[in-house]
Amino acid sequence: MSEFPGWTEYQPTDEDHQGVYPLGLEAVGSYIVGHYLLPGITDATRHIRYYSFFSWVFWTFFQELRRQGRTTYKRDEFFNWLVRLENVLRAATLDTDRKFIGLIGRSKALTLEDAKNGKLRIDQEVAASGFVPAAYSASFAALHCGQYNGKRAHLTPRGEALGLAFNAQFAGQNGKADVLRPVLSKSSHISVKTIKDIEDEIRIRPVSPDENEHPLLMDMLLSIASEPDGNENELHLARSRTLGLILEMIDYGNGTIAEPDDFHRIFACGRLKGHPKFSPSSEFARECEIWKRYQERQFQKLGLYGLWHEILDFLSTRPRQTAPTSEIVTHMLTHYERSSFLKSWVGESSLSKSVAKADRNILDHVGDHSKLGAAAWSVNEHLHSAASVADRVGSSVVLLLMAPHFWSDSPNDLPHRQLHNLGGRTRLCLSIFADDVHSRQNDTMAQFLFWVIESCVLAQSSRIALDKLARGDFRFFVMRDESGYRLIKAQDRKQSLSFDASRLFGAISLLRSLCLIREDEGLRLTSSGRNTLKKLRIRHEATAT
Amino acid sequence: MIALERHIEAEQPHRSLLMSYCSGLSFFEHFILSRLQTAGDGAVTVLVDAADYENSFSDAIERAGIDYRLEPVRLSRRFHPKLYLFTKSDTATLFVASANLTKSGFRRNAEIVDRLVVSPKLVGDARALLQYAELLESLSALYAHFSKSVQYELARTVEFIRHLTHNAQVETVGPVGPLFLHNATTPLLHQVMSFIPGKDINEVVLISPYFDPGCVAIRDLATACPNACFRIIRADEDGNLNGAALKSLKERLTVETFLGYGKGNRALHGKVAIFRGSITSWVITGSANLTSSAWLRPAFANEAGNLEAVVLRGGTDLGTELAAHLRTRKVAIDALHYLHVKTPETDFGRDLVVHDAVLKRGFLTITGVLLHRRAGQYRVSVAVEQNGLRTDLSSEASQDDTKLRIVARVSGKAISDSENSCVVTVQLRWTNGTTSEARRWISRPDLLILPASERRTRSSVRSVCQQLFADAEGQIILNAIGKFISDIGELAIEGDSINSSGNAKQQDKPRTAKPDQSEISLDGFLTNDLEVKSFGRSHRQHAATLMEQLASALRRIIVEPTDDLPDDEEPEVGQVPKDEAPPHKNPTEKENKRQQASELVEEVLGDVVQAVDKAHLAPLHPSAIPFVIKVPEAIGAFGLFRLRVNSVLEQSVANDFSYNLRRMLVSALSIDGVMCGGTFGWLVRAWCYPDTHDELLRCVLNEDYWANLRAFTAAAVSLGEIGIAEDAQMQSVMAGVALITGAEFLDDDKRAKVSTLLDHLVNSSSGKLERKGLDTVLTPMIYQNALALRSAPRWVYLHRLHTAATPQEYDEATTQLESLAPSLLLAYKRMRSRYSDPLAYLRGGEGTHAAYCSYDNLRLTNALLNRVRAVNSDFVVCDSCHRLLVPYDFADPRTTAILEHFFPAFSQAAV
C-alpha cells in the first residue's frame with residue numbers, strides 16, 4: 001500500500017538549544033586574543049597552582065607505576081588517581097575558604113563536613129574535574145607542562161619539574177611524606193586529620209615568590225628565563241609580552257584598574273578617565289596595537305548585536321512570535337525616529353538624511369580620528385545603560401557608523417591593520433563592513449537601517465545557524481518561516497552585548513596567584529611584580545618595535 | 001511517515017519546478033538544492049508568493065539567479081500552492097503538499113504530502129498530471145508578470161507532461177482519482193462537490209491550522225454535506241477559530257486541538273479534508289486551509305481567493321489512517337475565538353513590478369510594469385547589491401505605456417564577474433518627491449544554463465576560494481580556476497586537427513605573406529580526441545571532489561562559526577572525565593588536518609599540472625583555443641592559490657610547484673623556439689598558423705581573456721622568483737604574451753581592467769607580489785628585452801647579406817651589420833674567402849633542446865648549442881664543418897613571423 005498521501009516525518013531538532021554566538025561575530029576577537037595575545041590561557045584558568053597540582057598528579061602516578069615496575073597503565077587507573085587527588089584538593093581548599101572562587105567542581109565538592117567517623121570518601125567522582133579542556137587540561141598542554149605521545153600523556157621536563165617542586169613541600173617537612181602515604185594509596189577513605197595535615201601544601205592558593213614552584217610557574221607563563229619551545233616560540237613570547245603589557249597597565253593605573261573593562265577602556269580611549277595617556281613601552285607596543293584592533297572590532301560587533309536584541313525582543317511580542325522583515329524594519333524605524341540619543345549625534349529627522357550626511361555629523365561630533373575610540377566607548381556605555389528601545393537602537397546605529405572609520409580613516413601602515421580582514425565576509429569583518437557602508441553613502445539612513453537589519457543581522461543569523469546545522473547542530477535563534485522570521489530562542493542580552501572573550505580575567509587571576517599583583521582598592525603591582533615587569537622589558541628589548 | 005527530503009533526493013531530477021507560498025531559501029540552498037542538481041540539466045525554478053519574495057532579501061541567499069531561478073508570483077490574494085515537480089528523461093513526479101519550502105515545512109511541522117508519478121510503467125496518475133499541466137497553462141495565460149524564462153519553463157513542462165502521458169489511457173470521468181484540483185478559475189468547493197455526493201456523506205473530518213474569521217468555508221461545507229457530522233482538528237494556537245460563528249453547527253460538530261503525531265513537538269500545518277460516505281470515502285490533501293479564500297473563491301476573479309492545489313482521492317476506507325494516530329484534545333466550541341492579525345505591507349512593489357532582471361554580456365536588462373503612474377516625471381536609479389556591497393549603475397530607461405525597460409551597463413564592475421546572487425533595486429524618483437521602488441534577484445542565464453556536473457565543479461572551487469580569499473580576490477581566482485576545471489571537461493577537438501603528416505588536412509601557409517613552401521613540423525604529439533575528452537571529464541570530476549574535500553578541511557582550520565570558540569582551543573592532555581567528550585582538538589588532530597589539507601592541495605596541483613600538460617599535447621585546432629587560452633590564467637591563479645593555502649597552513653611553498661609553474665608557462669607561451677633548440681608555446685604556435693590564428697585573436701580580443709592573460713601571466717611569472725631581468729625563460733613567455741595580445745589592442749578601458757586585476761592579484765598574494773614588480777613584468781615588450789630575440793638583428797642582416805641578390809642589397813646589409821656586429825661581419829668576410837657557403841643554419845629539434853647543423857646534418861653537443869644560443873657570444877663556429885653557426889632557422893615560418901612582429905625591419909631585411 002502506498003504511503004501517499006501521508007504525514008511527513010519529524011526530524012528531531014532541539015529548539016531549546018544551548019547555542020551561543022547567533023551572529024557568529026565573536027570568533028574574530030577570540031581568534032585575535034587566542035592567537036596573538038594570550039595563547040594558552042583562558043578565563044577559566046584562574047589559579048596558577050592548578051598547573052603544579054596536575055603536574056604532581058601525573059608525577060605521583062608515574063612514580064607509583066615505576067614503583068610497581070610497570071610501564072603501561074589503563075585509562076581508568078589514571079582517571080581514578082586524578083579523582084582521588086582532586087577530591088583531596090577540593091576538600092583542603094574549601095576547608096580554608098568555603099567560598100573559594102575558581103575552584104573547579106566547588107558546588108558539588110566533598111568537604112570535610114561530609115566525613116563520616118572522621119573519614120572522607122575520596123574515590124568517587126562527585127564533582128567536575130578541572131582537568132578538562134574547557135578548564136585546565138588544554139592550557140596544561142599549551143603551556144608545555146604535558147604533551148601527548150600517541151594515546152597517552154606524558155609530562156614534559158617542565159611538568160616533571162613542577163611535579164617535583166610540588167612534591168618537595170611534603171618531602172621537605174618531617175612527617176609530611178608519611179602523612180601523604182594514604183593519600184597516594186588506593187584506600188577509598190582517608191582521615192580528616194590527614195587532609196588537615198597537608199592542607200596548606202596541597203590546596204589551591206597563591207604561590208609566593210619564595211616557594212620552589214614559583215620560578216617554574218613564572219617561566220611557564222612568562223618565558224622570562226628560558227627560550228620557549230621552537231615550534232610555538234612566537235606564541236609563548238606573545239603571551240609573555242601581553243602579560244608584560246598588562247603589568248605595565250596596572251602600574252599605570254596604580255590602583256584605578258580593577259577589572260577587564262578598565263583595560264578595554266584604555267585600549268579604546270588610550271587612557272583611563274582622569275589619567276594621562278597610556279603609552280606602552282616599545283617592548284609591548286605591538287601587543288597594545290593588536291588590542292586596539294581587537295577593541296575597534298568590538299564596537300562594530302556591539303552595534304550589530306544591539307539591533308539583534310531589539311529584533312528578538314520585538315519578535316517575542318508578536319503573535320506566534322513571528323514577523324515579516326518589513327514589520328521588523330518598521331518597528332526599528334519607528335524607534336529610530338524617537339531616539340533622542342540619535343538626534344544628539346546625527347540631528348533631527350535623520351531618517352531621510354543620507355548616510356554620508358549622518359556620518360559627517362557623527363564625525364563632527366567626535367572631533368578628530370584620534371578621539372574616535374573614546375567616542376565609541378561612550379556610545380557603547382550608552383547602549384548598555386539606555387532604558388528605552390529607541391535609544392538602544394540609536395546607540396547601535398551610531399556605533400555602526402563609527403566603526404567603519406577605524407578601518408577607512410586609518411593609515412595603510414597602521415600596525416596590524418590586516419587583523420580587520422580576519423574572518424572575511426562570513427564574519428562581517430570590519431574592512432568588508434566598512435566597504436559596504438561606504439558603498440551606501442548616498443542611501444538614506446532609513447535605507448541604511450533596512451540594509452543592516454536585512455543583511456547584517458537577519459541574513460547573518462541564518463547564515464551562521466545554517467553553517468552549524470550543516471554540521472548537525474540546531475542553533476537557530478530566529479528562523480525563516482511562514483510569514484517571516486520566527487523567534488526560536490530568546491537570548492540573554494548580557495551574553496552578546498559583551499566584548500569577545502578577552503582572557504584578561506584569566507590573565508589577571510594568574511598574575512595575582514603568582515603574587516605579581518595584588519588587589520588593594522584596585523590592582524597594583526607587588527614588588528615582585530615590578531621586578532618581573534623590568535625583567536620582561538629586558539627580555540623583549542631585542543624584539544621591540 | 002514520509003521523509004520528504006529523502007524522497008526528493010531519490011528523484012535525481014534533471015529539471016525541477018517548485019511552487020511554495022513561502023520559502024526559507026537559505027535552508028533550501030543548503031540542504032535541498034544540491035540534491036536537485038546531481039544529474040542532467042539540474043535546472044531548478046522556484047515560484048513563491050510575492051510577499052514572501054520580499055522576505056527573501058533578508059535571507060542568507062547566495063545562489064538565487066545563479067543556480068536556480070527564483071520568481072515572485074503577485075496575485076490579488078496569496079500564491080499558496082506547495083507543488084514540487086521533478087522531471088527526468090521519462091518520468092515526472094509531482095509532490096502535492098501542505099509543506100512550504102522551509103525548514104519547518106520539511107523537517108518539523110506535521111505536514112501532509114501526496115505524490116503523483118507518470119513514467120513508462122506508471123500511468124495511473126496521468127490524468128492528475130495533465131490537470132497539473134492545465135494549471136501551468138492557466139497560470140501562463142492569466143498571470144501577466146512572469147519572466148520570459150519562467151514562461152518558457154512552464155511551457156516546456158506542459159509539453160513534457162503531455163508527451164509523457166501521450167500514450168496513457170486517461171479516464172476523463174470517474175471519482176476514484178487521483179485528481180489534481182486547483183482553483184485558478186473555479187472554486188475548489190464546486191469542483192470537489194461535483195465528485196462527491198454531499199448528501200451521502202456521513203462524516204467529514206477537517207484538519208487545518210487556519211480558518212477564515214467567519215468560518216464561512218466550514219459552514220458552506222456543512223451546507224454541501226447536510227447529513228454529515230463534522231470533526232474539526234485545529235492547530236494548538238489561541239485565536240485561530242471563531243467558535244461563535246459555528247454555533248449553528250453545534251449539534252453536529254466537534255472541535256479538537258492537535259497535540260501531536262508521532263514523535264516530537266510538532267506544529268500542525270497539514271491540510272486534510274476527509275469525506276466518509278457509507279461505502280466510499282474521499283480524501284483531499286494539499287495546500288488549502290479551511291478558509292473561504294482557499295475553498296470558495298477562484299484565484300483569478302474579481303473577488304479573488306488564494307491560489308491552491310490539492311489532490312482528491314476516492315476509495316473504500318480511505319483517510320482512516322490519516323486521522324487515526326493524531327493526538328488531539330476536545331475543546332468546547334464556546335471557548336473558541338478568532339484574533340485578527342494585521343500585517344503591514346511593504347512599500348516595495350506596490351506600484352512598480354519588476355518582471356525580470358537579466359545580466360547578460362555585460363548589460364543588466366530590467367523589464368517591468370508601472371502599475372500606478374504618479375503625477376509628473378521620474379528619474380530612474382538602479383543599484384545592485386551583492387554580498388552586502390552596493391554598486392550604483394548608470395542606466396537608460398524607456399517606457400511604452402506602462403511597460404518599463406531599463407538597461408544598465410555592468411561590464412567592468414565586480415558583479416559582472418561574480419558568481420554570487422545579486423539584487424537589483426530600481427527606484428523611480430518622481431518630481432513630486434515620492435519614490436516607487438522594486439527589488440529583484442538578478443538572473444544570470446550564462447550560469448543558470450550550466451549543467452549539473454559543471455555546477456558542482458564551480459561550487460566546489462567556490463567553497464575553497466571563499467575559505468581562502470576576500471571577496472574580490474576570491475572571485476577572480478575562482479573564475480580562473482573554475483573556468484579551467486569546468487572547461488577541461490569539454491576539451492575535445494572538433495573536426496580534423498592540424499597535423500604534420502599532411503594526410504588529415506592540407507596545411508595552409510603561415511600567416512606571413514612571404515611565400516614559403518617548406519614543410520613544417522606542427523605537432524609531434526597527436527592525442528586522440530576521445531581520449532582527451534574522457535581525460536578531461538574524469539579530471540573535472542576528480543578536481544571537483546578534491547576541491548570539496550579541501551574546502552571542508554580548510555573550513556576546520558580557518559576561523560569557523562563555532563559554538564566552541566577558541567577560548568580554550570588548545571589541545572587537551574591526559575585523561576578527561578568519561579562523560580565529557582572533549583570537543584577540542586589535540587595537537588595531532590590539528591596537525592593531521594593541516595597535513596590532510598596539504599596533501600589535498602598537492603593532489604589538486606598535481607592534477608592541474610597533468611591537465612595542462614595534456615592540454616598542451618592537444619593538436620592545434622580552433623576548437624581547442626577557447627580552452628587553452630585560459631591555461632595561463634589558470635596557471636597564475638593556481639600559483640596564487642597555492643601561495644595562499646601555504647600561508648593558511650603555515651607551510652613553505654614546495655619547490656616542485658615553482659618548477660612546474662615555469663614549465664607550464666613555457667609550454668603555453670614561450671617564443672623561445674625562434675632560436676634553435678628552444679620551444680614554441682602552444683598559443684604561440686596557434687598564433688603562427690592561419691587555421692588557428694583568427695580564432696586565437698577572436699578569443700584574445702574578448703575583453704576578459706585579453707586582460708586576464710596579461711595580468712595572470714605577469715603574476716605567474718613573478719611567482720617564479722628569479723626576476724624578469726635575469727630570467728631568459730620568462731622573458732620568452734612575456735614575449736609570447738605580447739605577441740598574442742598585441743600592442744594594437746591596447747586602449748584605456750583594457751589598460752584599466754588590467755590595472756584593477758593586477759591590484760586584486762597583489763592583494764591575493766599574501767604579500768608575495770608587488771604592483772611595481774608586476775608592472776615591470778608587463779613593460780611593453782621589445783626585442784631587446786627578450787634574450788631569444790636580442791641577437792636576431794645581426795643574424796637577420798647577416799642572412800640578408802649572405803643572400804643578397806643585388807649589390808644594393810649587399811651594401812645595405814653590410815652597412816647595417818657593420819654598425820651592429822662588426823666582428824661578425826669580419827668573420828663572415830674572412831670565411832667567405834675560404835668557403836663559398838660560410839653559413840651553417842641550425843635546424844629543428846623543437847622542444848628537445850637539440851639542434852642540427854644544416855651543413856653536415858650533425859647534432860650539436862649541448863655545450864655548443866648553449867654557446868650558440870647565448871646572446872653574449874658574438875658567433876660560434878661549428879666544430880665539425882667550421883662554418884658560422886646561425887642560431888635562427890629562417891626557413892621556419894614561425895620564426896620569421898615572430899621576428900617580423902618584434903623586429904619590423906625584418907620584413908625588409910629577410911629574404
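A polar contact is a pair of N or O atoms within 3.5 Å; within protein, one atom must be able to donate a hydrogen and the other to accept it. The views below show a predicted model.

View 1. In chain A, domain 1 covers 24–39 + 225–399 + 460–545, and domain 2 covers 49–205. The C-alpha centres of these two domains of chain A lie 38 Å apart, and the contact draws 6 residues from domain 1 and 5 residues from domain 2. Across this interface the rule finds 0 residue pairs in polar contact, counting pairs with both residues at pLDDT 80 or more, and the count of salt bridges between the two domains is 0. Together, domain 1 and domain 2 of chain A bury about 460 Å², with 54% of that area on carbon and sulfur atoms. On the side of domain 1 that touches domain 2, the residues divide into 1 nonpolar, 2 polar and 3 charged.

**View 2. The interface between chain A and chain B.** The contact takes 91 residues from chain A and 92 residues from chain B, and the two chains bury about 8,000 Å² between them, 55% of it on carbon and sulfur atoms. Between chain B and chain A there are 29 residue pairs in polar contact, with both residues at pLDDT 80 or more. Among the elements that give two or more residues to the chain B side are α1 (4–11), α2 (25–36), β6 (112–118) and β22 (435–441) of chain B, while the largest share, 5 residues, comes from α4(B). By class, the side of chain B that touches chain A has 34 nonpolar, 26 polar and 32 charged residues.

**View 3. A salt bridge from chain A to chain B.** The side chain of R480(A) meets that of D52(B) in a salt bridge, at 2.8 Å from N to O. In total, 7 salt bridges are counted between chain B and chain A.

**View 4. Strands paired across the two chains.** Strand β1 of chain A, residues 6–7, is joined to β6(B) by 2 bridges, and the two strands run antiparallel. Within this pairing, G6(A) stands opposite V113(B), a residue of β6(B).

**View 5. The surroundings of E64(A).** E64(A) has its place in helix α2 of chain A, which spans residues 49–67, and its side chain makes a polar contact of 2.9 Å with the side chain of Q68(A). M402(A) is 338 residues away from E64(A) along the chain, and the C-alpha atoms of these two residues are separated by 62 Å.

Methods
Residues are numbered from 1 along each chain as its sequence is written. Chains are lettered from A and ligands numbered from 1 in the order in which they are written. This is a predicted model: local features need pLDDT of at least 70, side-chain atom pairs count only at pLDDT 80 or more; totals for chains, interfaces and linings use all residues. Side-chain values use heavy atoms; hydrogens and water are left out. Contact means heavy atoms within 4.5 Å. Buried area is the accessible area (1.4 Å probe) that two parts lose on being put together, summed over both. A salt bridge is a side-chain nitrogen of Lys or Arg within 4 Å of a carboxyl oxygen of Asp or Glu. Helices (H or I, at least four residues) and strands (E, at least two) are DSSP runs, numbered from the N terminus. Ala, Val, Leu, Ile, Met, Phe, Trp, Tyr, Cys and Pro count as nonpolar, Asp, Glu, Lys and Arg as charged, and the others, Gly among them, as polar. Two strands pair if DSSP finds at least two bridges between them. Domain bounds come from an automatic or database domain assignment.
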